[in-house]
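Please keep the sequence and the model open beside it and look up each place as it is mentioned.

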There are 2 protein chains.
Amino acid sequence: MAEIAVLGHGVVGSGVLEVLLTHKDSIAKRAKEEIHVKRILDLREFPQLPYNGLFTKDFQEILDDPEIKIVVEVMGGLEPAFSYTKACLEKGKSVVTSNKELVAQKGAELLALAQKNNLNFLFEASVGGGIPIIRPISQCLAANEVTEIAGILNGTTNFILTKMIREGMVFADALHLAQQLGYAERDPSADVEGVDACRKICILASLAYGTHVYPDSVHTEGITAITKEDVGYASAWGGVIKLIGEAKMLENGRLHILVSPMFISRESQLANVDDVFNGILVRGDATGDVVFYGKGAGKLPTASAVVADVIDCVRHLRSNRKILYWEDAKPDYVEPWDVTPQDVFVRVTGEGDSDSLFDRAQQVFPKAVRLIRRDEEPGEAGFTLPQIAEEELREKEPDLEKQGLRLANRVRIADF
Amino acid sequence: MAEIAVLGHGVVGSGVLEVLLTHKDSIAKRAKEEIHVKRILDLREFPQLPYNGLFTKDFQEILDDPEIKIVVEVMGGLEPAFSYTKACLEKGKSVVTSNKELVAQKGAELLALAQKNNLNFLFEASVGGGIPIIRPISQCLAANEVTEIAGILNGTTNFILTKMIREGMVFADALHLAQQLGYAERDPSADVEGVDACRKICILASLAYGTHVYPDSVHTEGITAITKEDVGYASAWGGVIKLIGEAKMLENGRLHILVSPMFISRESQLANVDDVFNGILVRGDATGDVVFYGKGAGKLPTASAVVADVIDCVRHLRSNRKILYWEDAKPDYVEPWDVTPQDVFVRVTGEGDSDSLFDRAQQVFPKAVRLIRRDEEPGEAGFTLPQIAEEELREKEPDLEKQGLRLANRVRIADF
């Protein structure tokens, strides 16, 4: 019998209980031991639950219980999750978490602590919900060099973009719908500003390249600036706009990493990842492109990933699995985001018809290739530019202005 | 230093050497030990290779070498691969294989032997080449009940079907092209008759449901009967034809498993798996649909999966990983393939125009829903039937004949 505790009885926490109870027998078979939840930490009370006797409001009670060898942290947020996780690892308890903020901010420190104490700190559920991605990257792809990771890592923004692409909705309406359906929170900023996707690409990049990348070192753009005009030009170009977290090892040994909306070709495997689904592309030098697709969030998918980690912990109670590890961040490891050239879509606005706008834009960008969207209106023009760094684009803005043009938006074009 | 031997220096074997040599340092880091190939078994000679001193023609030499703790079997075929693998496991050596025939035919026996001797028998590369699928099913999805697995498991047939769908080629021409490009062998029967896909779905079903399924208990249809008319009707229906290996647990506790071409909706994640790529959908009760996509074959993808297994073996030299296991086959476990109802597409031929043919067909099948393909010609008609078992369809053939209609082909319609 393996005794565990669960910190937090919110969406994921209650899902963990549900999965453990519904699949009790098959899980015991796979873990080679029965898994028993001894304590649940939550400040709220749940008198109607059959297992309401398990609740405590006192973390110390869990920490001091020598029978509890595994703690599931599904509270979310940095504190007190971090203090609790650290205390558990110091006290000889392995920790399983779904908390991407915790892993993105404190992963290196907690992994080192786990390794030092011969414990496990596992977080399959922190990226991609129920999609297996942490283990495949660390284990199955162990014989590869990962050259690039690119993912649709946030279901809420993907739902919003899908509505904008498929039904011509504007951002505000699509967001409102997402909120009505419970896909977006009342304060949607962590999703729509790219913060959530940023934490996830940080975790994946840290794992794939062995060096911690902190979210604040990653340039992050959300989707709030994406208009239906941009969506229309993407369609004219032959693709769709997706919010992408991307990490690529450069030849100079530095990491190119950013979160931003990108034009994705319709031929790409990521182009068909719609609605609240996530899709993660891992490009390896030997495997080529491998794509993982599924529900990136939600109670049961996330909970099942947590429980799979718990099973793994139970099977390796007395040894660090050693499959997850990365060093702390290094200075100058992340390449400044605005110096790496990339194909870019540019939309300009100004006085005049689209032909005239494009002609003037071409004075500034002779290599511009024009796109004409359906329902294009006077006063706007769209075009693509080959291999240009953000820095250079910014420097050209005054020249555009001299032509009476405003740089209304620019969207990177993905190479996958 | 971990000493290993490689049985077979064909495409995969030479790839294993290439991956081990190119990624020597990073692999040693991940395995926590250097991996050294001590012997390679092959009857041929390779005097031009830098490591030609490692070759032997004598398996006994490898078997009797106590330093060799891990043997990589990449010869393919059932014999002598089976005898060699068994001998290794009996002699205390773990075995890693990419040999789907071996695993599909002898998996239960070899897994039991490995467990008995506290050794590992790993075969990530046997399904999906470089796509991680064996481990994710066994580990990450451990907290799920897998309700269904469906996959495009054979790259050669997928390439042929893609050419038929996208370029309107007929089967024979597409096969010829595949042979010219090296995607199909001179004797293509194992691919085009579905034998290869059958072995793979047997392995996945054995793993997901814990009971061995032997290939000869699985109804297997290839793609040789698929015509461009069928492809056209699939398009009119709103989808494409793919060769699918499918396994589904029925409510009666029996396994529905078969390999056959199927109509796949364009909305399905498997519809966009084109060319030589593989895609595998795993439907779990908690995770929902998870899809894995990538190159299902090829020297380096397959070799990298083999090497990842070797790394796992090195890290668990003295213990059975226990993640892979299934019981031997049970009688009456596989449901007869022709009694399970499924939506089906039917194409009939006969004298008369299509309207008249369909009218006559509807006398036999009142629930038929007509499809009209582009370039439809007199003498043919296509329609779908809801939920009908193969058995019932067969029983209706004489009635069709009475209407002057021949059942030219029928293709199952997937529910994913």
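With which side chain does the side chain of B:His219 make a polar contact? Point 2 gives the answer, after some remarks on how to read the model.

1. This is a predicted model, in which local features need pLDDT of at least 70 and side-chain atom pairs count only at pLDDT 80 or more, whereas totals for chains, interfaces and linings use all residues. Residues are numbered from 1 along each chain as its sequence is written, chains are lettered from A and ligands numbered from 1 in the order in which they are written, and side-chain values use heavy atoms, with hydrogens and water left out.

2. The partner of B:His219 is B:Glu221, whose side chain makes a polar contact of 2.7 Å with that of the histidine. A polar contact here is a pair of N or O atoms within 3.5 Å; within protein, one must be able to donate a hydrogen and the other to accept it, and residues adjacent in sequence count only if both atoms are side-chain atoms. B:His219 itself is placed in strand β8 (residues 219-220) of chain B, where helices (H or I, at least four residues) and strands (E, at least two) are DSSP runs numbered from the N terminus. If residues up to four places away in sequence are not counted, B:His219 touches B:Ile257, B:Leu258, B:Val259, B:Trp337 and B:Arg412, a contact being heavy atoms within 4.5 Å.

3. Helix α7 of chain B, residues 155-167, has 13 residues and spans 17 Å from its first C-alpha to its last, close to the 18 Å expected at 1.5 Å a residue; the expected span is 1.5 Å times one less than the number of residues. Because 10 of the 13 residues of α7(B) are buried, this helix is largely enclosed by the rest of the structure. Buried means under 20% relative accessible area, exposed means over 50%, and partly exposed lies in between (1.4 Å probe, protein chains only). The buried residues of α7(B), among them B:Phe159, B:Ile160 and B:Leu161, pack against β7 (146-152), α8 (171-180), α9 (189-192), α11 (228-237), β9 (239-249) and β11 (277-284) of chain B.

4. The two ends of α7(B) also deserve a look. At the N-terminal end, B:Asn154 caps the helix, with a side-chain oxygen 3.2 Å from the backbone nitrogen of B:Thr156, while just after the helix B:Gly168 takes a positive phi of about 65°.

5. Chain B contains an open sheet of six strands in the order β3-β2-β1-β4-β5-β6, with parallel pairing; two strands pair if DSSP finds at least two bridges between them. The edges are formed by β3 (55-56) and β6 (121-122) of chain B, each with a single partner strand, so one side of each is left without a neighbour in the sheet. Strand β2 (residues 35-41) of chain B is joined to β3(B) by two bridges, and the two run parallel, with B:Leu41 standing opposite B:Thr56.

6. In chain A, which residues of strand β1 are buried on each side? On one side they are A:Ala2, A:Ile4 and A:Val6, and on the other A:Glu3, A:Ala5 and A:Leu7, which leaves both faces covered. In a regular strand the side chains alternate between the two faces of the sheet. Six bridges join β1(A) to β2 (residues 35-41) of chain A, where A:Ala2 has A:Ile35 as its bridge partner, and five join β1(A) to β4 (residues 68-73) of chain A, where A:Ala5 is partnered by A:Val71.

7. A:Asn252 lies in the loop between β9 (239-249) and β10 (255-265) of chain A and is partly exposed, with a relative accessible area of 47%. A polar atom of its side chain lies 2.8 Å from the backbone nitrogen of A:Arg254, and the side chain of A:Asn252 also makes a polar contact with that of A:Glu335 at 3.2 Å.

8. Finally, chain A can be laid on chain B with an RMSD of 0.0 Å by a turn of 180° and a shift of 0.0 Å along the axis, the copies being superposed by least squares on the C-alpha atoms of residues with pLDDT of at least 70 in both. That is the relation of a two-fold axis, and in chain A the C-alpha nearest the axis belongs to A:Phe292, 2.5 Å from it. Since 100% of the interface residues of chain A are also interface residues in chain B, the copies meet through the same surface.
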